[in-house]
Structure formats: structure tokens, C-alpha cells
Amino acid sequence: MSIPQERRLVTAIPGPKSQKLLARKQAAVPPGIGTTLPVFVTRAGGGVLEDADGNSLIDFGSGIAVTNVGNAAPKVVERVQKQAADFTHTCFMVTPYESYVRVCEKLNELTPGDHEKRTFLVNSGAEAVENAVKVARLATGRQAVVVFDHGYHGRTLLTMTLTAKNMPYKQGFGPFAPEVYRVPLAYPFRWPTGPENCAEEAAAQAIDMIGKQIGAENVAAVVIEPIAGEGGFIEPAKGFLPRIAEFCRANGIVFVADEVQTGFARTGDLFACEDEGVVPDIICTAKGIAGGLPLAAVTGRAELMDTVHAGGLGGTYGGNPLACEAALGVLETIEEEDLVGRARRIGDVMIPRLLAMSERFDMIGDVRGRGAMIAVELVVPGTKDPNPAAVQEVVRRCHAEGLLVLTAGTYGNVLRFLPPLVMPEHLLEEGLGILEKAFASL
């Protein structure tokens with residue numbers, strides 16, 4: 001790896017060059033485009049980000065679960081460079097190219113289930129989810145869509161309607177799309193009767209609400225993240241997802257898994273649905289699919305996907321040839337470097353350390369996650385009341401010490417950790433040490 005795998009601070013964070021660039025950003029870019037940590041990156045790879053001032057920061061964010069294989073994985077770089085020299089665009093709907101087909105073939109092969117599948121490519125996770133709903137509505141002849149508390153699905157009109165959290169994603173942007181209904185998610189830490197009852201009771205409540213308030217016969221699709229991402233890395237209680245999937249099968253409802261954040265080895269399986277053997281009718285993928293190039297996919301049962309008329313799906317840039325080559329490089333890297341196993345190893349390192357911290361620091365209410373998708377939920381000590389102020393202070397102290405961490409959660413009280421799967425273990429350990437020091441200093 002050409003970039004040294006070390007944390008190095010030569011200025012305060014952010015440094016003077018980043019501060020000047022931030023002033024330019026503020027003059028040129030609307031404030032609606034927020035910034036977690038205003039350092040301007042010039043190089044990145046492995047487990048570090050280098051900024052304009054020469055600082056090298058440990059990356060516990062992966063561009064929000066995008067750079068699973070690293071920021072400049074050799075197989076991705078090589079393929080993209082070669083493709084850029086050949087051609088950058090033709091539009092697959094005008095004159096197709098093989099790399100698009102190869103990506104679709106690989107996703108048909110690798111996604112859960114051995115049934116016949118079809119895949120088409122788009123640009124973003126939100127676009128994938130929106131297209132999954134389109135397919136489900138056309139294939140079933142129904143209109144209603146069911147989503148879950150704490151879910152996040154995107155920022156388009158339909159997907160922000162599907163998203164649960166109001167601020168900042170929905171505030172002031174209505175009216176929203178019709179025929180979208182929300183039901184409870186099995187959130188073990190906050191389930192009123194305790195985590196041991198969570199799966200059964202949450203599934204029963206959701207199914208009852210669908211039956212009484214919507215009518216199962218009117219539901220085109222149930223859309224769910226196997227682990228809620230922006231909602232706080234909530235892993236539904238075991239048994240909940242299979243029960244919802246079974247209900248969908250029994251009632252002719254399309255079960256859509258939004259694996260935008262959980263896909264491509266992030267959770268210690270290639271796809272998070274595999275943990276409980278859930279086979280979705282349609283799976284939406286993006287983020288980690290192409291190493292940072294804009295690409296997303298909708299993969300579904302052939303009998304559903306084949307119902308759409310010619311021209312009903314697509315878009316100018318969907319399946320751009322550079323992004324397709326990047327995706328093929330990502331899939332090669334995951335297999336050859338056993339990044340599924342590496343994600344599990346990251347979880348084996350992080351979770352015991354975080355559990356030990358939870359014994360020391362009573363503001364840590366919950367430690368959860370799988371593989372390299374891990375979170376801690378902070379509470380007011382002695383209660384389960386959310387503690388977003390503590391999260392912001394921990395983030396501030398981590399950033400000052402050169403560790404990039406992200407936040408999440410409906411209540412703004414969750415620290416989420418998404419290290420690149422190729423991060424050297426010494427950086428992982430060092431980052432956890434910085435986090436522990438931040439907690440100890442509060």
C-alpha cells in the first residue's frame with residue numbers, strides 16, 4: 001500500500017489549508033450539504049485518510065460503508081483506468097457493453113436464493129429502492145408499501161417518504177408520496193417488555209397493523225433494512241425478519257431487502273439477510289458495490305422483474321461502464337482477500353472492547369452490530385433516555401485526536417463504526433484506544 005498506514009497529526013484538526021477550503025465550500029455549496037469532519041482529503045487507502053494539511057486520520061467511516069475494499073483497491077483502480085481509456089459512456093439502453101451484463105450475472109449468482117433472477121443497474125441506493133417499489137407495484141397490481149420505524153431509504157420524494165426520521169431528511173419537504181405505511185421494528189434495546197419478547201411481539205404488532213389498517217391484499221411491498229442503518233444500526237431481534245418474510249410469502253407481498261448499507265461483506269456475510277437465511281424477493285444494493293463509484297442494483301425474482309415493459313426501467317447513467325468495471329474489481333477483491341472473514345474478525349476485535357467499555361462507562365446503554373457494522377448507543381446514566389450531547393462530545397474528541405467516527409440514530413445518540421474491511425488491525429486497535437480515551441475524559 002503506497003500510503004503509510006499510520007495516524008499522524010501535524011496540525012490541529014481541521015488544519016489551516018482545510019479551513020481555507022471550508023470557507024470556499026461555504027461560499028459555493030448550500031448549507032444543506034452538511035459536513036461531518038471538515039478536513040479536505042487528498043489521498044486515502046487502507047485504513048487512513050490524508051488531508052490537505054498532511055494529517056493522516058484513522059477512518060472508522062468508509063464513506064458511510066462505501067469503501068469496504070479500501071479507497072483505492074488495486075483491482076478497482078486497474079479496471080477503471082483501462083475502461084476510461086476505452087470509453088466512458090455509451091448509455092446501456094442505446095448501445096450496451098459486456099461489463100454491465102457481467103455485473104448483473106454476478107449479482108444474480110451471489111445474492112440470496114437459488115431461484116432465477118434478473119438485475120438492472122442504477123446510480124444510487126435511493127434510486128434502487130424507488131425502482132424496487134415500481135417493480136413490486138406493477139407485478140402485483142397493488143399500491144401500498146409498508147416500511148418500519150427507524151428505517152432510512154433515501155432522499156428522493158418516495159424514499160424520504162419511506163424514511164422514518166423527520167429531521168433532517170423530511171422537515172419542510174412535503175407533501176409526501178401516498179400509500180406508504182409504517183409499522184414497528186423489533187428494536188431489542190428499546191422494546192417495552194424486554195429483548196426476549198421483542199421479535200414475537202413486534203412481528204405480531206406489525207402484521208396486525210397491516211391487516212387492520214391497510215389490508216394485506218392491498219400491499220405491493222414490504223421494504224426493510226436487515227440492519228437499520230441511519231436509524232441506529234438496529235439489528236432486529238432474531239426471528240423477526242423470517243416472520244415478516246413468511247407473512248409476505250403467504251399474502252403475495254413482495255419482500256424487499258434494502259441492503260444498501262449492509263451489503264458486500266460489511267456484516268460478516270456477503271449480504272446481511274444470509275444471517276437468518278432470509279431470501280428476499282427483491283434486494284437493493286449500492287454503497288459498497290463499486291468502491292466509491294456511483295452504482296446501485298436491483299436484483300429480483302425473474303417472474304417479478306420480467307413483468308416490466310420495455311422502457312419502464314433505466315436511466316442515462318445507470319450501469320456506467322467505469323462503475324461496472326469497479327464493481328467487478330470489488331467482487332474479485334472481496335473473494336480473493338476473504339473480506340467476509342475479515343469483517344467477522346473486525347467484529348471479534350471491536351465488540352469485546354466495546355463491551356468492556358460499557359462496563360466502565362455507564363453512559364453506554366447498548367453495544368450491537370455484526371461484522372464491521374458496529375454501534376454503541378449512549379444514554380443518560382441510570383436510564384434509557386437518549387444522550388445525544390454525549391455522542392457529540394465523544395465525536396469531537398475523537399476527531400481532534402485523528403479518528404473519524406460517524407453518528408446515527410433516530411434520537412441522535414448512536415456512534416456507528418464502519419471501518420474499511422482492509423484496515424490493518426493495529427489501526428483498529430489504536431482507534432478503539434482513542435475512543436476509550438474519549439469516553440474516559442467525559
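**Exercise A: a sheet and the helices on it**

Which residue in S15 does Ala375 stand opposite?

*Solution.* The structure is a predicted model, in which local features need pLDDT of at least 70 and side-chain atom pairs count only at pLDDT 80 or more, while totals for chains, interfaces and linings use all residues. Residues are numbered from 1 along each chain as its sequence is written, and side-chain values use heavy atoms, without hydrogens and water.

Helices (H or I, at least four residues) and strands (E, at least two) are DSSP runs, numbered from the N terminus. Two strands pair if DSSP finds at least two bridges between them.

- To begin, the residue opposite Ala375 is Arg416 in S15.
- Strand S12 (residues 373–378) and strand S15 (residues 414–417) run antiparallel and are joined by 4 bridges.
- Contact means heavy atoms within 4.5 Å.

**Exercise B: a sheet with mixed pairing**

Describe the order of the sheet that holds S1, S2, S3 and S13, and then follow S2 through its pairs.

*Solution.* 

- The order of this open sheet of 4 strands is S1-S2-S3-S13, and the pairing is mixed.
- At its edges are strand S1 (41–45) and strand S13 (403–404), each of which pairs on one side only.
- S1 runs antiparallel to strand S2 (residues 48–51), and 4 bridges join them. Opposite pairs include Arg43 with Glu50 in S2 and Val41 with Asp51 in S2.
- The hairpin of S1 and S2 has 2 residues between the strands, and Gly46 has a positive phi near 60°.
- S2 is also joined to strand S3 (residues 56–59) by 3 bridges, and this pair too runs antiparallel. Here Glu50 stands opposite Ser56 in S3.
- In the hairpin of S2 and S3, 4 residues lie between the strands, and Gly54 in the turn has a positive phi of about 90°.
- In a regular strand the side chains alternate between the two faces of the sheet. In S2, Val48 and Glu50 point one way, Leu49 and Asp51 point the other way, and all are buried. Buried means under 20% relative accessible area, exposed over 50%, and partly exposed in between (1.4 Å probe, protein chains only).

Describe how H7 and H8 pack, and sort the residues of their contact.

*Solution.* 

- Two packed helices are described by the angle between their axes and the distance between the axes.
- For helix H7 (residues 198–214) and helix H8 (residues 240–250), the angle is about 25° and the axes are 9 Å apart.
- H7 and H8 are therefore roughly parallel to each other (angles under 35 degrees count as roughly parallel, over 145 as roughly antiparallel, 65 to 115 as roughly perpendicular and the rest as oblique).
- From H7, Ala199, Ala202, Ala203, Ala206, Ile207 and Ile210 meet Phe240, Arg243, Ile244 and Phe247 from H8.
- These residues divide into 9 nonpolar, no polar and 1 charged. Ala, Val, Leu, Ile, Met, Phe, Trp, Tyr, Cys and Pro count as nonpolar, Asp, Glu, Lys and Arg as charged, and the others, Gly among them, as polar.

*Solution.* 

- The bond from Met167 to Pro168 is cis, with omega near 10°.
- The bond from Gly174 to Pro175 is also cis, with omega near 5°.
- Pro168 lies in the loop between helix H6 (157–162) and strand S6 (180–183), and Pro175 is in the loop between H6 and S6.
- Ser62, in helix H2 (residues 62–65), has a positive phi near 50° although this residue is not glycine. Ser62 counts as buried because its relative accessibility is 0%.
- Lys287 has a positive phi near 35° and is placed in the loop between strand S9 (282–285) and strand S10 (296–301). With 25% relative accessibility, Lys287 counts as partly exposed.

Technical notes
Axes fitted to C-alpha atoms, helices over the stretch in contact; angles between N-to-C directions.
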